[in-house]
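Reader: I would like a close look at the aromatic pairs in this model. Please take me through them, then through whatever surrounds them.

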Amino acid sequence: MISKASAPGKIILFGEHFVVHGTKAILCAINKRVTIISEKNKSQNISIKSSLGENSIPISESIENVDSMFKPFFFIAKKIINENNFSNGIDIDIQSDIPIGAGLGSSSACCVAAAASVSNLFSKPEKNQILELAIEAEQTIFPKTSGADCTVSVFGGIIGYEKGITYEIIETEHEFDFIVVNSKKPHSTSIVVDRVNKFKNENKEIFNGLCDDERKLIIQAVKALQKFDLETVGKCISQNQIFLEQLGVSNDQLLEIIKIIEKETFGAKITGAGDGGCIIALTDKNEKEAVVGHMKTEYEAYSVTIDKTGMQVFNDN
Ligand code: PMV
């Protein structure tokens, strides 16, 4: 039997970094997805392939000894094999249209889709179990993850997220259009998170003040999202960018992109860890193609909308 599952990437509308320290973040699943196909094999190996390469480990290998970019997926396969007393291996094929290392939740979406696809080889997966397993898998490479990315990838739509796996779905029937501009500067989430931690330790009062301001901003932003007040959402996005600059996660290249795109949109900011990765801007539906066209003369840019489905398991195989 072949098992296929897919999961969306994400953008963070508000609250990245602050969420690691207990403040709420607002995330949105986007219409860029990863699809994972898995199949039981007759060997004693777990084999993984993606556009980045291939790797294989014996099912008996201890996960602590695995040094591979595929570690989270080996973790998932090993855990499910052990729980089901399965005596053979599994082949996992990852196909993704989410840019890697750009802050669009590629690694979390892969963890979610892998957990769902491999689980489905044995029994029908349940969303909360998949979420728990995906976060555990992601922690094998990024122990400090807040879990926000995996959560929005599982449930889709727009969510409010607080560390400790508490989330709320922000109901809205509206369609929002965002432009994503990829700075093409790779970043390491854990390095930037560590830098923010250092800032917090050295500037306790300023940091606590920023957390309070971010909380207030998010209350205002959620009301505006629900009223489809694009002007106010855009202003909140730009204000969030200022808070991120104060945390030290922006740079000249990102600011340059923001300066250009802000002229044509409601507001723009970093999405994700910063220091590279992508900029998002909220745009009018009728303007989006023109904005993408202008940005494309210098950068990689595309429009995205909200994915309302979240994780999907395909049972028709
Ligand atoms: O890995 P990224 O770039 O999608 O950023 C994750 C967002 C952070 O708040 C910086 C970290 C986290 O775990 O929430």
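Author: Start with Y167. This is a predicted model, and in it Y167 is partly exposed, with a relative accessibility of 29%. The cut-offs place that value in between, because buried means under 20% and exposed means over 50%.

Y167 has a partner, F155. Two values describe such a pair: the distance of the ring centres and the angle of the planes. For F155 and Y167, the centres are 4.5 Å apart and the planes stand at 25°. The pair is therefore stacked, since planes under 30 degrees apart count as stacked. F155 itself counts as buried, at 16% relative accessibility. Where do the two rings sit? F155 belongs to helix α4, residues 148-155, and Y167 to strand β7, residues 166-169. The pair ties together parts that are 12 residues apart in sequence.

The total for the model is 5 aromatic pairs. Another of them joins F86 and F122. This one is edge-to-face, at 5.5 Å centre to centre with 75° between the planes. F86 is in the loop between α1 (71-83) and β5 (90-96). F122 is in the loop between α2 and α3 (127-138). So this pair ties together parts that are 36 residues apart in sequence. F122 is partly exposed, with a relative accessible area of 23%.

F122 also meets a charge. The charged end of K40 sits over the F122 ring, 4.5 Å from its centre.

Now to helix α2, residues 106-119, which holds S119. S119 is buried, at 14% relative accessible area. Its side chain reaches the backbone oxygen of A115 at 2.6 Å. Setting aside neighbours within four places in sequence, S119 is in contact with I80, A114, P125, I130 and L133.

Last, the ligand. Which residues are closest to the ligand? Of the 16 that surround it, they are K10, H17, S146, T189 and A273. K10 places a polar side-chain atom 2.6 Å from a ligand oxygen. For D149, a side-chain N or O atom is 3.3 Å from an oxygen atom of the ligand. T189 has a polar side-chain atom 2.6 Å from a ligand oxygen. Taken alone, the ligand exposes 380 Å², and the protein buries 93% of that.

Notes. Residues are numbered from 1 along each chain as its sequence is written. This is a predicted model: local features need pLDDT of at least 70, side-chain atom pairs count only at pLDDT 80 or more; totals for chains, interfaces and linings use all residues. Side-chain values use heavy atoms; hydrogens and water are left out. Helices (H or I, at least four residues) and strands (E, at least two) are DSSP runs, numbered from the N terminus. Buried means under 20% relative accessible area, exposed over 50%, partly exposed in between (1.4 Å probe, protein chains only). A polar contact is a pair of N or O atoms within 3.5 Å; within protein, one must be able to donate a hydrogen and the other to accept it, and residues adjacent in sequence count only if both atoms are side-chain atoms. Contact means heavy atoms within 4.5 Å. Rings of Phe, Tyr and Trp (its six-membered ring) pair if their centres lie within 6.5 Å; planes under 30 degrees apart count as stacked, over 60 as edge-to-face and the rest as tilted. A charge sits over a ring if NZ of Lys or CZ of Arg is within 6 Å of the ring centre and within 35 degrees of the ring normal. A residue is near a molecule or strand if one of its heavy atoms lies within 4 Å of it. Accessible areas come from the Shrake-Rupley method with a 1.4 Å probe; for residues, only the protein chains shown count as cover.
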